[in-house]
Each structure stands twice: as structure tokens, then as C-alpha cells.
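Here are some notes to read alongside the model on your screen.

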Amino acid sequence: MAEPLARGCLSKMTVEPGPPARYTLIAGADRVPLADWLGATLRLDWTGAIACTHCGRATRKSFGQGHCYPCFKKLARCDTCIMKPELCHYFQGTCREPEWGEAHCFQPHVVYLANASGLKVGITRRTQIPTRWLDQGATQALPILEVASRQQSGLVEVLFKEVVSDRTNWRTMLKGEAPVLDLAAERDRLLARLGDGLDELRQRFGEEAIQELDAEAYRFDYPVLEFPGKVTSHNFDKQAEVCGRLLGIKGQYLIFDTGVINLRKFTGYEVELRAVDPSLAGPATPGLF
Ligand SMILES: [Zn+2]
């Protein structure tokens, strides 16, 4: 069998905006620029090992995208309030890691509209722009509000969720490009409709706490040769070997002709990545094989 292109525990792929978006697969210390392998037949083998991305200990199962059970129960980043920031319990004195919370949650957050599978609302730390959208496979995004903390962003999102989805339909996202939306018009429509609720939050947190942004919309383009007609997914827990022709990358998904795989879901899984037929594609680096 060919030497692996990469071997180690999976991390989230890094991605540069491009266009098209430029993904790097990360396995342990190995980095594989995936643009070089678009169209090639690749094979990913899970060795059966999983290492916690936080403490490194071996774990039989992955919790909360790559954590061992003790870390999953102990870390603030694995707490319910990360997914539902409106439930922030820092002020009750029960934050699992107050210092981590201060560094990550008590930072400016942005409320945005994005389009990966249709209009959705979301929140992110300002420092995660534009990575957050690329990780979702969004083709468009528009920051609409800036707020002082994660909790406040959660409260704003709760307002928006009454009238717009906060979810991406990943199957739809992987089947093609969502029809283009006029996000600025959607913003104006939503801000007008939710004005009373936003004013109530401003009364609670201060006039300055929630600011409207006049930002430019972002557009993203993904390296996809062909979208799948029907989306089936690979799962290392059921089948340790994933093999297929790499047709594209969108969000944190690799799109093979044999099915898609969400690499983020398998953070911490130790894998080996190989080119099945290196003569078909790959970097023009003589002697690599
Ligand atoms: Zn751990």
C-alpha cells in the first residue's frame, strides 16, 4: 500500500476564503492541501484510535466533537450554554471555567445572516469571521449586529429564531449552491420586524450594547467538481475505511463519489490518508511517491 499522505488524529480542516475556498486537511502534524487532490481517488482509514483534542488521552468514544468524557463534563466549551448562549450562567457563579468564559464569551459577538441552504441567522465571535461561514458551507453571509457578549448574542438570536431558521440543512447545502438571496433586504426586513424586541434588550443591557452594522456582504465559492444527486454519508464508527474520488469540499465535508464525510464530526479520530492511484492527480512534485 502507498505511503500515507498524512497520518494522525484529525483536526478541523483549516480554510482560506479563496475563491475558491482553500482547504487543508490536518491529521496530527501532517497537512494536506486538498486542492491538489480534487478529482483523485483517496482512501481514509480510521485506525480505531481516538485521542481527546483537549487532554490527549485515549478515549473509546468521542464526546462533543473530539473530547473524552471527563473533558466533555468539565470544560466550559462543552457546556450547554455554548450551543444556547442565552443560558449563560456566569453571573450565577457556576461557569465551569470562568477565565475561559471571560476570554471567549465576554468578547464582542456578531449576529449574522447567512445562506448555506437558505436564509439563516447565527452568531459568532468577531475573530471567527469569515471561518465560521466557510465551516458551514455558506455561499453568502452578512454581519448585521454587533453585541458585547456571547450571552447577548444568544438573546438576540432567540428573537430572530421566531422568524428565521438558525439551522443549516446539510443535505441541501451539499446538493448544490443555494439560490442567491438579497441579504441586505432580509436584514432590513428583519430589523424592522424585530425592532421592539431589540429595544427591550437595549433597555436591559444599555443603548450601546447592541449596534447595527453597515457591513458588506461576503460571497464564498467552494472547490466542487460535481455535487452529489443523493447525499449519503460515511461514518467511521460503522465503516473504518472510506474510499472514493474526491469530488469536492464544502463546509467541513469531503464530497466523494461514494458519499460525504463530515470531518469535524470525527475530530480526534486517528486516520491515514492515501492516494489510491497517485498517477491520476496530486501535486507535481517528483519523487513524492
Ligand atoms: Zn480529555
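1. A residue counts as buried if 20 or more other C-beta atoms lie within 10 Å of its own, as exposed if 12 or fewer do, and as partly exposed in between, with C-beta atoms placed from the backbone. On that scale, buried residues make up 35% of the 289 residues in the protein. Please keep in mind that this is a predicted model, where local features need pLDDT of at least 70 and side-chain atom pairs count only at pLDDT 80 or more, while totals for chains, interfaces and linings use all residues. Residues are numbered from 1 along each chain as its sequence is written.

2. Now the overall build. The secondary structure comes to eight helices and 13 strands; helices (H or I, at least four residues) and strands (E, at least two) are DSSP runs, numbered from the N terminus. The radius of gyration is 21 Å, close to the 19 Å that the globule rule gives for 289 residues, so the protein is as compact as a globular protein of that length. That radius is taken over C-alpha atoms, and the rule is 2.2 Å times the number of residues to the power 0.38. Along the principal axes, the C-alpha atoms fill a box of roughly 65 × 45 × 30 Å.

3. Contacts along the chain are worth a look too. Two residues are in contact if their C-beta atoms, placed from the backbone, lie within 7 Å. Of the contacts with a separation of 6 or more, 66% are between residues 24 or more positions apart.

4. In which order do the eight strands of the open sheet lie? The order is β3-β2-β1-β13-β4-β10-β11-β12, with antiparallel pairing. β3 (30–33) and β12 (259–262) stand at the edges with a single partner strand each, so one side of each is left without a neighbour in the sheet. From one strand to the next, the twist averages 45°; axes are lines fitted to C-alpha atoms, for helices over the stretch in contact, and angles run from 0 to 180 degrees between N-to-C directions. Two strands pair if DSSP finds at least two bridges between them.

5. Strand β1 (residues 6–16) runs antiparallel to β13 and is joined to it by four bridges. Across that pairing, Gly8 stands opposite Val271, and Ala6 has Leu273 as its bridge partner. Strand β4 (residues 41–50) also pairs with β13 in the antiparallel sense, over six bridges.

6. Arg43 lies in strand β4, and its bridge partner in β13 is Arg274. Is Arg43 buried or partly exposed? Arg43 is partly exposed, because 19 other C-beta atoms lie within 10 Å. Leaving aside neighbours within four places in sequence, Arg43 is in contact with Glu241, Cys243, Arg274 and Val276. Cys68 is 25 residues from Arg43 along the chain, and their C-alpha atoms are separated by 26 Å.

7. Most residues other than glycine have a negative phi, and most peptide bonds are trans. The bond from Gly18 to Pro19 is cis, with omega near 10°, and the one from Pro19 to Pro20 is cis as well, with omega near -10°. Pro19 sits in the loop between β1 and β2 (22–27), and Pro20 lies in the loop between β1 and β2 too. Gln65 is not a glycine, yet it has a positive phi of about 55°. Gln65 belongs to the loop between β4 and α1 (69–74) and is partly exposed, with 17 other C-beta atoms within 10 Å.

8. How many of the 11 residues of helix α8 (residues 195–205) are buried? The number is zero, so α8 lies largely in the open.

9. Finally, the domains. The assignment gives domain 1 (6–46 + 223–275) and domain 2 (107–219); such bounds come from an automatic or database domain assignment. The C-alpha centres of domain 1 and domain 2 lie 28 Å apart. Their contact takes 12 residues from domain 1 and 11 residues from domain 2.
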